[in-house]
Amino acid sequence: MQVAFAHLFFNLSGIIIWFPIPRMRAIPLACARFLGKTTSRYRWFAVFYLLSVFFLVPLTVFGLSLAGWQVLVGVLVPLLTLLVLVFIVNIVQQKDPGRLPARFQTWDWLPLPLRSLEPYDDLIVKAKTACASRRHHGHTKLTDSDQSSF
């Protein structure tokens with residue numbers, strides 16, 4: 001019964017937050033669109049997202065909370081501040097990049113792994129290909145005489 005109430009109140013709070021103001025409705029839709037486009041380009045991203053959001057982040061927060069609230073706040077506040085600043089810069093880059101200093105008008109100055117999933121995709125595809133070829137070369141077919149012994 002407690003789980004049912006938790007789900008009910010979670011869904012009701014989502015409706016109260018996102019539904020009343022029409023412009024707010026666009027936020028979860030844009031997030032879903034972004035995740036869908038990213039997953040369609042990088043097939044492994046869905047698994048990474050699920051593992052990160054439902055296992056890695058909660059375990060990290062739990063571990064930090066065990067160390068004390070000061071450690072939790074000391075780590076999460078700067079991290080969340082950085083995420084909010086990146087979010088704001090992304091919005092300004094799309095809407096009016098001229099308002100930003102020249103360096104922040106694009107993310108091209110960052111190393112590729114910090115601004116693209118392409119390097120990670122290359123690694124994952126190479127690892128997948130290596131595993132598939134290893135499995136293929138290591139697998140021998142049974143001959144008719146071998147199959148008859150089963």
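Q: Starting with Arg 115, which residue does Arg 115 form a salt bridge with?
A: Arg 115 pairs with Asp 108, and the closest N and O atoms are 3.9 Å apart. A salt bridge here is a side-chain nitrogen of Lys or Arg within 4 Å of a carboxyl oxygen of Asp or Glu.

Q: What kind of model is this, and how are residues numbered?
A: This is a predicted model, where local features need pLDDT of at least 70, side-chain atom pairs count only at pLDDT 80 or more, and totals for chains, interfaces and linings use all residues. Residues are numbered from 1 along each chain as its sequence is written, and side-chain values use heavy atoms, with hydrogens and water left out.

Q: Back to that pair: is Asp 108 buried or exposed?
A: Asp 108 is exposed, because its relative accessible area is 55%. The cut-offs are under 20% for buried, over 50% for exposed and partly exposed in between, with a 1.4 Å probe and protein chains only. Arg 115 has 39% relative accessibility, so Arg 115 counts as partly exposed.

Q: How many salt bridges does the count come to?
A: Three. One of them joins the side chains of Asp 96 and Arg 99, at 3.6 Å from N to O. Asp 96 is partly exposed at 35%, while Arg 99 is exposed at 69%.

Q: And which residue meets Glu 118 in a salt bridge?
A: Arg 41, with 3.1 Å from N to O. That pair links distant parts of the chain, since Glu 118 sits in helix 6 (residues 118-138) and Arg 41 in helix 2, 77 residues apart. Helices are DSSP runs of H or I with at least four residues, numbered from the N terminus.

Q: How accessible are those two?
A: Glu 118 is partly exposed at 26% relative accessibility, and Arg 41 is exposed at 57%.

Q: Switching to packing: at roughly what angle do helix 2 and helix 3 cross?
A: Helix 2 (residues 22-41) and helix 3 (residues 45-66) cross at roughly 130 degrees, and their axes come within 8 Å. That makes helix 2 oblique to helix 3. Axes are lines fitted to C-alpha atoms, for helices over the stretch in contact, and angles run from 0 to 180 degrees between N-to-C directions. Under 35 degrees is roughly parallel, over 145 roughly antiparallel, 65 to 115 roughly perpendicular and the rest oblique.

Q: Which residues meet there?
A: From helix 2, Leu 35, Thr 38 and Thr 39 meet Phe 45, Ala 46 and Tyr 49 of helix 3. Contact means heavy atoms within 4.5 Å.

Q: What about Gly 36, where does Gly 36 lie?
A: In helix 2, and Gly 36 is partly exposed at 39%.

Q: Last one: is Phe 9 buried or exposed?
A: Phe 9 is exposed, at 53% relative accessibility, and belongs to helix 1 (residues 2-18).

Terms used. Helices (H or I, at least four residues) and strands (E, at least two) are DSSP runs, numbered from the N terminus.
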